[in-house]
Amino acid sequence: MRDHFELRDGDAAGRIGELSVPRAGVTVETPALMPVINPNIRTIPPAELESAFGAEILITNAYIIHSGDDLRERALSEGLHELLGFDGAVVTDSGSFQLAEYGDVEVTTREILEFQYDIGSDIGTPVDIPTPPDVSRERAEADLTRTEAALSDAESVDTGEMLVNAPVQGSTYPDLREEAGRHADATALDVFPIGAVVPLMNGYRYADMTDVVAAAKRGLGRDAPVHLFGAGHPMMFALAVAAGCDMFDSAAYAIYARDDRYLTVRGTEHLDDLDYFPCSCPICTRHDPNGLRACDEGERERLLAAHNLHASFAEIRRIKQAIRSGTLLELVESRARGHPRVLDGYRALLDHADQLEREDPVSKGSFFALSAESARRPEVRRHHDRLDRLDAEGRVLLTEGGTPSGDEYDAVWRVVPPFGPFPRALSETYPLTATVPDRADAAAQRAAAEGVCRVVAANPDADFALAHEGWPDAALGRLPGGVAVESLAERSDPGDDRG
Ligand SMILES: [Zn+2]
């Protein structure tokens, strides 16, 4: 077990955790958002990030500090916390980003880690190779070999109480990301950034991002704190947390503000297109879009950056509360309804329902079926697996409502799409306490039919009849041959008890 990261609560693969940062003497609650501070440009002073926004941790670039004579001398003499004016935890990046952008940096992992230690960084980073998406497999493998060598170098540096990042690379090759995760997890290093996803973020490729995260998580241990490096847009935080990410860094708040872009949980707006602010942060309640447009450029940038940060931190708090309440996937559903690319990400996440199911709590507060995607949630998967173990004997009626045809049965089980059948005695157990729409969609009915298949297969000696509320052929066609089927929807008497 890593003793610096403790898990407190979970939902899907998302979790609330506590990251102890010994050098800073602080404990950071995750999911956490780290504002990025460019040591040369401070849109919002770090002290204000702490006092006005509640930032417990931030990230800055040790390579930029190392490269500037004045900054380097001040950082070495005063220390990073003093230089920035920040008491919380300070993470430093190594120059890997510059390596990706400009092809070369003039430091080694040993040099930059020793420098990070000397300036008082709390979490340092080796010089890994950030391999972009979609490169050739040969390049991704060769880069990964160099990244893994950088992690070995990092392990050999004496960094005292400073925690050290172990970046996970591998481009868009899931097997390489998984291998990279396994390798990083086996090192003595402490925090696990999933690297080089910025091009996926910029291209709104949230499905690919989700696959990359899911692959890395398969390699990493459950107790590994995971940082989605370079992900700073609040529209995808809930999705990424549900996939198992614990930390984000936002340069977006400042970069977007610089060209009048306004972040929301449903996407990005341009200030020119807004007549109203859909937000109740201090900036948006004190100003309207016209007022902001009238500000001079520096002031406008500062105010937009402040709103962008408020919107980002509010989403992190909303996510934490959703984890506490067991409604994280409901939150992801609502974000997915805000933007088609987030919907793609959610659909990709549900491709990994088995993986989520292994971490998802057995019992939560409530389950709201909100969309066709709800039928693919891990809770439905788990109920289907449970059906393999439920005994049924004699003649069993599985019904969505009343009892058809006045027949006599040995047992009557309820059927609720998307879960399918279950004995009435389980009605009060999670997730069968779910609130589902009265008007089930075809995906939910197909999933319920899958549940019928599972219970029939598990009980070959029992006789089953299904009474359903007008399921489509796509659902009925999945049922095994021996099941007697009757539609409750086609019955002539509209006053029948539908339960
Ligand atoms: Zn606002």
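Axes are lines fitted to C-alpha atoms, for helices over the stretch in contact, and angles run from 0 to 180 degrees between N-to-C directions. Two packed helices are described by the angle between their axes and the distance between the axes. In the present structure, H16 and H17 pack at about 145 degrees, and their axes are 7 Å apart. Helices (H or I, at least four residues) and strands (E, at least two) are DSSP runs, numbered from the N terminus.

The structure is a predicted model, in which local features need pLDDT of at least 70 and side-chain atom pairs count only at pLDDT 80 or more, while totals for chains, interfaces and linings use all residues. Residues are numbered from 1 along each chain as its sequence is written.

Where H16 meets H17, Val 332, Glu 333, Arg 335 and Ala 336 in H16 face Val 342, Leu 343 and Tyr 346 in H17. Two residues are in contact if their C-beta atoms, placed from the backbone, lie within 7 Å. By class, this contact of H16 with H17 has 5 nonpolar, no polar and 2 charged residues. Here Ala, Val, Leu, Ile, Met, Phe, Trp, Tyr, Cys and Pro count as nonpolar, Asp, Glu, Lys and Arg as charged, and the others, Gly among them, as polar.

The protein comprises domain 1 (5-359) and domain 2 (372-490), with bounds that come from an automatic or database domain assignment. The centres of domain 1 and domain 2, taken over C-alpha atoms, are separated by 43 Å. To their contact, domain 1 contributes 10 residues and domain 2 contributes 6 residues. On the side of domain 1 that touches domain 2, two or more residues come from each of helix H16 (328-336), helix H17 (340-351) and helix H18 (353-359). H18 gives the most to this side, with 4 residues.

Gln 355 is found in helix H18. Gln 355 is partly exposed, with 19 other C-beta atoms within 10 Å; a residue is buried at 20 or more such atoms, exposed at 12 or fewer, and partly exposed in between. Leaving aside neighbours within four places in sequence, Gln 355 is in contact with Ala 214 and Arg 218.

An open sheet of 3 strands has the order S1-S2-S3, with antiparallel pairing; two strands pair if DSSP finds at least two bridges between them. Strand S1 (5-11) and strand S3 (26-30) stand at the edges, each with a single partner strand, so one side of each lacks a neighbour in the sheet. Strand S2 (residues 14-21) pairs with S3 over 5 bridges, and Glu 18 stands opposite Glu 29 in S3.
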